[in-house]
Every structure is written in structure tokens, then in C-alpha cells.
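Open the model in your viewer and keep the sequence panel beside it. This tour tells you what to select at each stop.

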Amino acid sequence: MFKISAFAQSYNAEINGKTLVINVDNLKANEIQSKVLAWIALNYKSANDVLQHSSQDKIIAKGNFVINSNKPFTDLFNGIVYLPAHIIFDHTLIVAIKDYKCKVDISFPEKVKTLNYLNTDWFFNINEYTLLNEFTIENQYEIAKKNLNAQNNNNEKKVNRKFDSLKKYLDANFVHDKEVSTGMNNKIDAIFINLQNYLNKNQEW
């Protein structure tokens, strides 16, 4: 079983995603292309998972994966309530191919919609912090205060009062986003590991 070390994959700002280079010592470029296409056929089964391009040096496919969560919402009477949410992570898989290796990019949009029965416009942001899973509650407080300052003309009393009323929600939302971020990164890891193992697996009857 092949495993990816913690340092093998990297955040890639240019594609808003992650990159992994896979060494395949015994396969030429055309053989890697064939195996990647076979892997996509096995793993990207949704009707929305569409092969965009295939050549000996590059393959591009569209896909998605889903993370279900319980999203916190503020409620006038009950404080914070949690509602089931369905987050679809659309992504583009780009595989650049050379003899004996390939570079795999997984690229995401900047945000994806969080679907729930209320049909509210809630989004999960995909960026350096969530892709590295390094954001903290202090980050969330800083962003909230920056937005409140902009909305209240830097009126310190108003900002502090509104921030205090939001703090409980911010704490709950941070826990939610951290869990979703962890789930997203686990899905990315699984894609990388699955493809790497498939490319390095001996095809024997």
C-alpha cells in the first residue's frame, strides 16, 4: 500500500486547490494516460462528472464530492439552532503527464453553496485557510470585527455590542467550518491516495 507523506501534497494558490506529484517508475506517458482514464471511469460515476479533455500529456475532468453537516443558524427565539446542510464540492481534476510521473491538481471554486431546506444563501469558503485547515477562532473574530467596523462606520461601541451578541454564533460556526474543512481535506487525501495506488498497482490476471 502506497501512502502520501504529510509533505508530499501542497497547497496551490494558482488553482485554489492542492497538488501532488506521483512517480510511476514503470509506466510511459501513454500508459499513465490509459490508467488515469480507467481510474476516472471507476471513481467519477456521477452524471455531473464529465471528462473535459484527454491527451497523452494532460487529462481534465470535472467532479464533485459531498459533505453533510449540521449548520448553526441564529434564531430569534431559540438562540442557535442546527439544521442539516448538504455541501457539494465541485472541483476540477487536472493531470499533467510525462513518462514515469504525473502532476495531479485538484482545483476548487472560491466558495460552494451550503444547501438546506430553508434555501438561504450560505456558502462555505474554499481558500488557503480551509485547504490547509489552519484557520483559528481568532481568525474568525478578526474577520467578523472587520465586517462590523465596515458596516458601522468604525463605531467602537456599536461594533463591540454587536460582536458580543454574535460571539456564541461565531464559536458554533467555527466548530462547524473546522469539521467541514477536515472532511474536505480527508476527501482530497482519499482522491490522491486512491489514484496513486491505482497507478502503481501491478495489472496482473
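Start by selecting Asn173. Setting aside neighbours within four places in sequence, Asn173 is in contact with Lys71 and Pro72; contact means heavy atoms within 4.5 Å. Asn173 sits in helix 4. Is Asn173 buried or exposed? Asn173 is buried, at a relative accessible area of 10%. Buried means under 20% relative accessible area, exposed over 50%, and partly exposed in between, with a 1.4 Å probe and protein chains only.

A word on what you are viewing. This is a predicted model, in which local features need pLDDT of at least 70 and side-chain atom pairs count only at pLDDT 80 or more, while totals for chains, interfaces and linings use all residues. Residues are numbered from 1 along each chain as its sequence is written, and side-chain values use heavy atoms, leaving out hydrogens and water.

Next, select residues 137–151. This is helix 3, with 15 residues. Helices are DSSP runs of H or I with at least four residues, strands are runs of E with at least two, and both are numbered from the N terminus. From first C-alpha to last, helix 3 reaches 21 Å, close to the 21 Å expected at 1.5 Å a residue. That expected span is 1.5 Å times one less than the number of residues.

Colour Ile137, Gln140, Tyr141, Ala144 and Leu148. These residues of helix 3 are buried. They lie on the same side of helix 3 because they cover an arc of only 100 degrees around the axis. The arc is that of the directions from the helix axis to the C-beta atoms.

Then step past the end of the helix to Asn153. Asn153 follows helix 3 and has a positive phi, near 50 degrees.

Finally, zoom out to the whole protein chain. How many helices and strands does the protein chain have? There are four helices and eight strands. Along the sequence they run β-β-α-β-β-β-β-β-β-α-α-α. The C-alpha trace spans about 70 × 30 × 30 Å along its principal axes. Of the 205 residues, 41% count as buried. Among contacts between residues at least 6 apart in sequence, 63% join residues at least 24 apart.
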